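Subject: Structure handover

Hello,

Here is the structure for your files. My notes on it follow below.

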Amino acid sequence: MSNTTTFSNLYPPDSALDRIASLPRSTDAVDALDMLPPIGVKPYILSAIMCMRMSTPALARMLPMLDGTDSCMRPDPTIPGTQQPGSLTWTRANLDAIALFLGACTRLRAYIYLRPAVELALRELHVLDKHDRMHAKEPSSAAHKVLARYHRLLVCLTESAWRVRPQAGTVQTSSLLRRPVKDEVDRIVMHVLAELDGMGCSLATRKSTLSAFLGPFLSAQTLEPIMRHIAAHGVAIDETQWHRVASVAFECGKVAMGEQCLKRAAEPHVKQQKRKKDADGEEKSVPDELLLLGALGARTFNDALTTLMPLVMRPAGGVTTTKDTDTETNTASEDGASMPLDQDSSSHAEPPPPPPPPTPPSTAATPETATKADEQTREQSDSSPATAKPRKQILNLQDSQVRAWSILLKRAATDNAVSSDDLFRLAESIPDVAVGAATLTPVLHGMMERNDLERGLTIWRTAQKRYSHATRRVRQSLLDAPLLSVAGEVRGRAAAIENANPVNFAIKTVDYYGARPVGANVWGDPEFEPHPKVRQSVPLDTGVLNMLLRMCAQLSTPSVAFRLWRVAPERWGVSPDDVSLAYLLDSARAYARDNQDTMESRVQMMKDTFSFRTLSELVTGPRRLRNVLQKASPDETRALFDPPGYTWRAEYGPTQPIEVARGVFEDVLFGNWPDLKHVPSPVRHGGTISELATFVSPRRLASAPPAPRPSGSTYAYIVPGQRAWDAYIKLIAYHFPDDDLPLTLAYMRALGVVPAWSTMLVALKMIGEREGPRMRVATPKGTRLMRDEEAVRAYLEDWLQDTAKVPSEADVAEFRKTQEARRAAFVRQRILHHG
């Protein structure tokens, strides 16, 4: 493939810009942007630049060019016949550039640019859709073009945005997308449905788009609108598509809809194969996919077990795993000797023998069931090669069995009627071919929720032994990031029982297996060792980092939380998200709660400062701590811990954790959207003269602020969502009385983040307790004399367009009583604890 990109065969040639469009793909996009002339740039040049080596600063510079606000996009009057902005040719070329821009955003994880880029794309699509509807001979032909354009846009948006790839045989839906990308996919899908309803057409006009809307673009938010569209237009969907809809319905808790979809999917089997016999005279069995989906909709473990019994009792099929090379086996054994196992376990022990066949946890295994299972296994092993199943078919059967056990164990782990004894007995019944991360993760999580940590550690040790003896090809299915996250939390909780530091044990587990990036590709994605050993062999994800940060918040250790926040991108190749930011704020708030400004804390501060220490020790103490932290090698796990005798003041000085956390959030907020600094507050108090002026000229209720333009690069991968804003508002509400809470709500409105009910309760309560004098406000219902709390409530009602979604004055009063009762109980508990 040539290393140059020339668009002269697609667009009219332009001698002034040909050299930019013909630059090699390895050219830095920022350098190409610097070569652009002051005017006369066309969209196809932007498409050519986006095929080069993109970066987040390049995206920030290209966004104004795409929406036409940059002066370089003005047509050059000296060139005759120049394309004018707004023409169809210009719009089509600009839409192509926007699609490539969205793909670059997802590859670079620059999610702050997705929302304005999607808005631009919908604007350009509206122009093209309107033109096609006016000039099409038939509505179906126009609908086909419309669907093709939207489908291509969605493909560009989601091509590099999947958090994880689905396991074999599972349904790939938009639930696997990262949250900012998923939100934009849902917006585009809803827009497509509205366009089709206006044209009187349906998704059936383009079969590939229909399959995509019922597959990778299907989510809990778009499920019901898509199904209403299908029912209204009488669209016929096949069995596989019904399976996908049922799977999403069960995932989002819509069991009735999922069961109805399964009935529709089973209609061909009921009509055509009912009471039919096979050549052997046996009754036709139910397809595996229907059994698996039926188990997803099971409400209890017993229902799931009844549905999946034909799959979980199926023999393994004689699939054996051969080791790749002798060298690999020796390497795995040698590297496994340094695994962080407990003292009562051995990394060189032989893998456990195949477990007995499964039995329902409510009943013990009987000799009759064991004999029957042994006969089935013997018949399978004695089968001749002539009657053996093809390898592909065996692997498909094995995959169905793994999925069946995974679903069964998830139901058992979440069913309160299943005790820890039953769950452990069920785990011992997993066949050897089904043992892996997909089955051990729910078991380990169930043991942790039941506080049976001892047997949870036993399951984890067994997984470690299997992983140390497995080949590289098999390891991928034995241990992954979700299992490692649960295992780290189990080890941390077990360490807490022995008065050890839970966070340190969880970090040890994660850091031992967490893969280290050895480089980065042209898009900045981390690249790992292609043939890793047992140690540092598991690529981590954001969920593992969030687990560690959540433990830091629970244990009030913000120092470790800030350390993980800083080192995770370079150490593990994991970038934090908005949930990570929320846990960071929670850890600082928990530290402030546990170290309140009381007489006890002040006495302790005096003891730490003056008790039997000389002046030189007071000066060198923080310096010595910094030396200890700096001397720890970045590759060592202890570099992430608090050293012995650590205090926050020794490392950070008088700056409190809540101040550092607020600074991080504001760096994310104003670094990504600098224009937010110009958003006015809904409640503005001035001097006495300005307050008296409101009686002559009442203030108007604050309107919606304009959407800010993103221009950041440092934290472009973090888009604060509802959870992060909730943590931030609670932080400033309880610890920063001088901050403007109504202004924070205005920031949320500018970014389109709807506050949660609990967030509005906290905000309205604290605003009411800090409010200034009443002011006259002109509302749609007339001029009223309002308190600050009433003005903010009216602002929220105008924003959400529904008074029922905003807490009333009675709701805030009830919340205030509840908070006072909790605070009194907390004070009594502290007095009893320190009494």
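How many residues does the largest nonpolar core have, and which of them have the most contacts inside it? The largest core has 228 residues, and those with the most contacts inside it are Ile-49, Phe-101, Tyr-113 and Leu-564. A nonpolar core is a set of buried Ala, Val, Leu, Ile, Met, Phe, Trp, Tyr and Cys residues joined through side-chain atoms within 4.5 Å; buried means under 20% relative accessible area, with a 1.4 Å probe and protein chains only.

This is a predicted model, in which local features need pLDDT of at least 70, side-chain atom pairs count only at pLDDT 80 or more, and totals for chains, interfaces and linings use all residues. Residues are numbered from 1 along each chain as its sequence is written, and side-chain values use heavy atoms, without hydrogens and water.

Leaving out residues up to four places away in sequence, Phe-101 touches Met-50, Leu-59, Met-62, Leu-63, Leu-66, Tyr-113 and Ala-117 (contact means heavy atoms within 4.5 Å).

Val-185 is found in helix α8, residues 179-199 (helices are DSSP runs of H or I, at least four residues, numbered from the N terminus). Val-185 is buried, because its relative accessible area is 0%. Among its contacts beyond four places in sequence are Leu-154 and Phe-217.

Helices α26 (residues 578-594) and α30 (residues 657-672) pack at about 160 degrees, with axes 8 Å apart. The axes are lines fitted to C-alpha atoms over the stretch in contact, and angles run from 0 to 180 degrees between N-to-C directions. The two helices are therefore roughly antiparallel (angles over 145 degrees).

Regards

Terms used:
Buried < 20%, exposed > 50% of the residue type's maximum accessible area, 1.4 Å probe, protein only. Parallel < 35°, antiparallel > 145°, perpendicular 65-115°, else oblique.
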